[in-house]
Amino acid sequence: SCARARLPRVPDMVPESLSEDDDGVCESKTDVPLDHLPGQWDALLRGGQVLSALILSTTFSEKYRGRSMYPGGKNSTAEVRLPVADGGSRITRHTLLHRAGNKEAVSFIWLGDEEAKDRTIYVAFSPMRHRSQFCKIACAPMILDVPDEGFEGVRQTSARSLSFGKDRPVPRQPLGPDGKQQLPISSYVHVKLKRMWGEQGLWRNLMQCVATYKAHRIIFSGISHGAALAQAAALQFRMRMAAAEVFAVTWNAYRWTDPTGSELARTELGERLLPIVLSRRTEGPKATRYWDTITGFPSGYAAMQSPILLDADTGQFLQHNAPQKTSSFYAVALMRAFELHFAKSAIAATKNATITAVGGDDDCGEEDDSLGR
């Protein structure tokens, strides 16, 4: 059964700058700091949009405070505290416009603070709610999403659902026999997004927002499960609405596509996709850097291209030396996942990165104690 299945260890080439300890956990011996983020992300980090996107997809998600928030209600405004250059902070107020989904997949559409001149529509996906979802993610086969056929265009590539990557085939052609572009995608992610886009109203509501706020950019965001949904949703939306100004910033996403889909994301989103992975450096003369284990899961899938490491302690951005390394779930790897994967760590690190970007200091309020795992 799925509950008793053992995750296979998939061999991978390890660059010279990497080491592999006795538990099969991949680490980087050297750090390569990044002076700049790609594309417009430096400006969006300074402007507070990156931190706002994270707060809206965590603190104000359906898992936490957002559970009791509804559009048009008394409790439909999210206050986000952002660092400023003089060492203090400012409050931005974002308005909840729509929400879609339930339980295992939920998204909120937020309007950026107009008084703060934030021309952003945030599409924030909530983190995982139930531990049982982990097994569903691991067991999911690959299917093909055909954008030109709406969200009904699905071609099954494997009849086996309990593959854990062993029998998860990689579609060889980015185009189907009819010449239409295909997106390889986890069946679990696809089913959740298909319902959300369709019967739960995300497509209709987001298109309404795009028509109303024509000068606004769209930022998809999420952490963990929400990160995978945000990446896939941003790509699906971009493939269907090529003229839209679509961005996506995510933290610690698990894998949901194959190399073809990863390349498609690079082609369609380019530098407007910022996949962030939390990391930490050990101490001592043989110090190494390790990162969130979940980002190397499930086996048989591929990570987004050019993810960026974020130091959990300093907020420094670094080059990721082995983004395609598949995780092995042993004791050390699990400990590191618990250490780096969740919202509190991501918020603290992103806050530090924002403080550095604006030239402030660490004095913009306490972290939200309501955030758990």
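Start at Ser224, which counts as buried because its relative accessibility is 10%, below the 20% cut-off. This is a predicted model.

Stay on Ser224 and check its backbone. Phi is positive, about 60°, although Ser224 is not a glycine. Most residues other than glycine have a negative phi.

Next, select Lys117. Is Lys117 buried or exposed? Lys117 counts as exposed because its relative accessibility is 73%, over the 50% cut-off. Its backbone also deserves a look: Lys117 has a positive phi of about 60° and is not a glycine. To place Lys117, colour strand S5 (105-111) and strand S6 (120-125); the residue lies in the loop between them.

Move on to the peptide bond joining Phe297 and Pro298. Read off omega: about -5°, a cis bond. Most peptide bonds are trans. Where is Pro298? Select strand S13 (289-291) and strand S14 (308-311), and Pro298 sits in the loop between the two.

Last stop: helix H3, residues 132-139. Which residues of H3 are buried? Pick Gln133, Ile137, Ala138 and Cys139. Residues three or four places apart in an α-helix point the same way, because there are 3.6 residues a turn.

Conventions: Residues numbered from 1 in each chain as written. Predicted model: local features only at pLDDT ≥ 70, side-chain atom pairs only at ≥ 80, totals over all residues. Heavy atoms only, no water. Buried < 20%, exposed > 50% of the residue type's maximum accessible area, 1.4 Å probe, protein only. Helix = DSSP H or I, 4+ residues; strand = E, 2+ residues; numbered from the N terminus.
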